[in-house]
Each structure stands twice: as C-alpha cells, then as structure tokens.
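Here are some friendly notes to read alongside the model. Take the points in order, with the structure open beside you.

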Amino acid sequence: MGLRPGQRVLDLGCGTGRALPALRAQVGVDGMVSGVDLTPAMLRAALREGRDADGQLLLADACRLPLRTGAADAVFSAGLINHVPDPAAALREWARVTTPDGVLLLFHPSGRAERAARHGRPLDPDDLTAEENLTPALRVAGWHIEVYEDARHHFLARATAPAPSSEHTARRPRHPPRLLYGRGPVGDHR
Ligand SMILES: C[S@@+](CC[C@H](N)C(=O)[O-])C[C@H]1O[C@@H](n2cnc3c(N)ncnc32)[C@H](O)[C@@H]1O
C-alpha cells in the first residue's frame with residue numbers, strides 16, 4: 001500500500017486477519033493496525049490464528065465505523081465492497097475516517113473476469129468494481145482514483161482521500177464497538 005512507519009491503517013472486512021501481518025510490516029511497531037469485521041466467528045478465527053499480535057480486532061460494521069473523523073491514514077479492504085448493502089455510503093464513510101491525502105486500497109485476490117467465470121456467469125456491467133462504475137462512485141464519495149488494475153490474479157483500486165469538509169469534521173462516532181479484541185502493539189483509532 002506504500003504505507004510509512006508509524007501510520008494508522010484499517011483493514012475493513014478483515015475476515016481472519018490474513019492481511020494484518022503485511023500491514024503491520026509496513027507501519028512498524030509505532031504504527032497502528034486495526035482489523036474490522038462484522039462477523040464474530042471471523043474475529044474468533046483471527047484470534048486463533050494469533051492475528052491480534054499484528055493489530056487490534058474490532059467487531060463493527062465497516063459502513064458505520066465507531067471511529068472518529070480522520071482516525072486512519074489508510075484503509076485497506078479486500079473482498080468487502082461488493083458485499084455491503086450501500087457501497088456509495090461505505091465509500092463516504094471510509095473517506096470520513098481517513099485523513100486528507102490518506103489512501104484507500106480495494107483489493108481482491110482474483111480479477112473480475114476470473115470470478116465471473118468461476119461462478120459461471122458473464123461479467124456484470126453494473127458491477128460496482130467495473131472501472132466505469134468505480135471511478136465515478138469513488139469521485140462522488142470524495143476519493144480520487146489513481147490506480148485501477150483488473151488482472152486475472154488480482155483486482156486492485158488505489159485512491160487518495162479528499163480534504164475534510166465542515167460536515168465531516170463536525171461528525172463524531174455514534175456506534176460504539178460491541179467488542180474489541182487485541183493484544184500486542186496496538187493503538188487507539190477511536
Ligand atoms: C470475502 S471476506 C474477505 C475477508 C478478508 N478481507 C480476506 O481477504 O481474507 C468478506 C469479509 O467481510 C466481512 N463483512 C461483511 N460485511 C461487513 C460489514 N458491513 N462490516 C464489516 N465486515 C463485513 C465478512 O464477515 C467477511 O469476513
């Protein structure tokens with residue numbers, strides 16, 4: 001993701017936390033890594049894998065984050081954006097919690113065509129992650145897309161965050177996390 005030591009990064013829809021070690025490696029011991037997932041079983045699996053050594057694990061809805069505005073320097077999210085009920089609102093929420101010039105990386109370990117073929121269906125032109133849909137969706141949410149790659153074995157879109165609006169800076173979290181797991185070199189994004 002091009003993170004620097006000491007930065008704060010969120011993994012939204014972290015699942016079993018398999019990206020957390022790589023994110024921790026980028027931000028180092030002085031950085032902050034938080035994995036957020038809505039499914040307790042996923043976070044329990046992450047704990048069993050010892051992923052809480054690399055970041056705090058937060059049980060929360062990535063679309064209504066219990067985090068203050070500008071709490072993170074970067075957002076990483078793999079395999080989530082296609083599953084949230086309102087992707088446009090999610091992209092706005094992710095911009096809210098990210099500092100100006102912060103980074104968003106949407107990732108999937110396979111490309112759109114590969115996934116469509118695996119499910120025996122044609123490419124869906126209405127799929128949010130199609131470049132012609134994602135670029136305006138990001139722009140409307142305030143992100144500026146810089147990289148779009150839809151290759152056979154990976155999908156990634158990298159965008160940078162907007163300057164904060166007065167509405168954003170006035171907002172505060174209203175949805176406290178129901179559970180917070182964590183040990184090791186963690187920090188406080190709230
Ligand atoms: C396809 S899995 C990807 C997991 C992980 N990012 C990875 O690549 O291994 C999607 C994950 O998103 C989580 N999820 C779905 N909706 C969510 C939401 N609104 N907020 C947070 N996590 C969510 C699911 O529980 C699941 O763990």
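1. Strands β4 and β5 pair in the parallel sense over 6 bridges, where pairing asks for at least two DSSP bridges between two strands. Val75 stands opposite Leu104 in β5. From β4 the chain crosses through helix α3 (residues 87–96) to β5, a right-handed β-α-β crossover: with the strands pointing away from the viewer, the path from the first strand over the helix to the second runs clockwise.

2. A word on what you are looking at: this is a predicted model, in which local features need pLDDT of at least 70 and side-chain atom pairs count only at pLDDT 80 or more, while totals for chains, interfaces and linings use all residues. Residues are numbered from 1 along each chain as its sequence is written.

3. Strand β4 also pairs with β1 (residues 8–12), in the parallel sense over 3 bridges. Here Val9 stands opposite Ala74 in β4. Is β4 itself enclosed or open? Because 6 of the 7 residues of β4 (residues 72–78) are buried, the strand is largely enclosed by the rest of the structure. Buried means 20 or more other C-beta atoms within 10 Å of a residue's own, exposed means 12 or fewer, and partly exposed lies in between, with C-beta atoms placed from the backbone.

4. Asp101 deserves a look. This residue is found in strand β5 (residues 98–108), and its phi is near 75°, a positive value in a residue other than glycine. Asp101 counts as exposed because it has 10 C-beta neighbours inside 10 Å.

5. Stepping back, the protein has 6 helices and 8 strands, taken as DSSP runs (H or I, at least four residues, for helices; E, at least two, for strands) and numbered from the N terminus. Along the sequence they follow the pattern β-α-β-α-β-β-α-β-α-α-β-β-α-β. Buried residues make up 37% of the 190 residues.

6. Around the ligand there are 17 residues, the closest being Gly13, Gly15, Thr39, Ala62 and Gly79; a residue is near if its C-beta atom, placed from the backbone, lies within 6 Å. The shell divides into 9 nonpolar, 5 polar and 3 charged residues. Nonpolar covers Ala, Val, Leu, Ile, Met, Phe, Trp, Tyr, Cys and Pro, charged covers Asp, Glu, Lys and Arg, and the others, Gly among them, are polar.

7. Finally, confidence: pLDDT, the predictor's confidence in each residue from 0 to 100, averages 89, and 85% of the residues score at least 70.
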